[in-house]
Amino acid sequence: MKGPISLDHKIGHLRALLVELKSVAVAFSGGIDSTVLLDNACKVLPPGKVLACNVDSCLVARSGQALADKVLATHFAGRCGVLRIKEDSEKISGFKENPPERCYICKLHIYTSILKAIKDEQVVLLDGTNSDDMMQDRPGIRAVREKNIKTPLEQCGLTKKEIRAYGRSRNLINADVPSNSCLATRIPPGIEINNGILGTIEAAEEFLLQQGFKGSRVRMGDGHTIIELSECDIERMLASDKRRATVEYCEKYNLGVPSLKLRGR
């Protein structure tokens, strides 16, 4: 019976796949998944054959965009080309109404925009989906499949834990940064998405970050707000004056009654 496949073996498989593709563009968010994918592409392909495609949108918190910029400047200067695309979520047809298939609509639009911007049909677009993502409900993956975008991390069976381990071995500055997602994921289906509500969520999460709570989520409800923290931060929130400060913040900015989700992120 075969034993578990080692990380080194999976990385070797990943690099072999990338070599076969010859010329690639990586949908780069600044998260560890797309960073590891881009790092390995740069390892085995010349700079002229690797392109990092970064989408700047109001769906991405400014801190997230700043991290993406920092990762590119720190680890990829001179190693690949960079394509930046500006998107306005309010102009995506059918998105701002926030239907259940919101993520699919957004992903389809964004990847269509990236493919148009790349122009060269010989360049293969890659997405940082990993093997753990396939075990979750990810509507956006449907768009990835429809646009025939490759997902090499998932193809090689790389898990999030392994991707972070590789990131640490390469001293990538975002190796242990908590996973992030677009701000629209904090809004329940049926509540209209607009720049105002996105800005409110971003500001609230930035407030929590300044209070020392990394990777927090502020989810909007009907007259209330649900706050999600890392497991290690829940007791600290409850046992300190930061709980009162958070309540006061929510009251000041009309976020409704705040509740704390007891299951940590």
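Modeller: One definition to begin with: angles under 35 degrees count as roughly parallel, over 145 as roughly antiparallel, 65 to 115 as roughly perpendicular and the rest as oblique. Keep in mind that this is a predicted model.

Colleague: Fine. At what angle do H2 and H7 pack?

Modeller: At about 55°, and their axes are 10 Å apart. H2 covers residues 32–44 and H7 covers residues 160–169. H2 and H7 are therefore oblique to each other.

Colleague: Is the crossing left-handed or right-handed where H2 passes H7?

Modeller: Left-handed.

Colleague: Which residues make the contact?

Modeller: H2 supplies Ile 32, Asp 33, Val 36, Asp 39 and Asn 40. From H7 come Lys 160, Ile 163, Arg 164, Tyr 166 and Gly 167. By type, the contact of H2 with H7 has four nonpolar, two polar and four charged residues.

Colleague: Switching to strands. How many residues of E2 are buried?

Modeller: Six of the eight in E2 (residues 50–57), so that strand is largely enclosed by the rest of the structure. E2 runs parallel to E1 (residues 24–27), joined by four bridges. Val 26 has Ala 52 in E2 as its bridge partner.

Colleague: And what order do the strands take in the open sheet with E5?

Modeller: E5-E6-E7, with mixed pairing. E5 (217–220) and E7 (257–260) are the edge strands. The average twist from one strand to the next is 25°.

Colleague: How do E5 and E6 pair, parallel or antiparallel?

Modeller: Antiparallel, over four bridges. Met 220 is opposite Thr 225 in E6.

Colleague: Which helix lies across E5 and E6?

Modeller: H8 (residues 195–210), running at about 145° to E5.

Technical notes. Residues numbered from 1 in each chain as written. Predicted model: local features only at pLDDT ≥ 70, side-chain atom pairs only at ≥ 80, totals over all residues. Heavy atoms only, no water. Axes fitted to C-alpha atoms, helices over the stretch in contact; angles between N-to-C directions. Helix = DSSP H or I, 4+ residues; strand = E, 2+ residues; numbered from the N terminus. Left-handed = near helix turned anticlockwise from the far one by under 90°. Contact = heavy atoms within 4.5 Å. Nonpolar A, V, L, I, M, F, W, Y, C, P; charged D, E, K, R; others polar. Buried < 20%, exposed > 50% of the residue type's maximum accessible area, 1.4 Å probe, protein only. Pairing = 2+ DSSP bridges.
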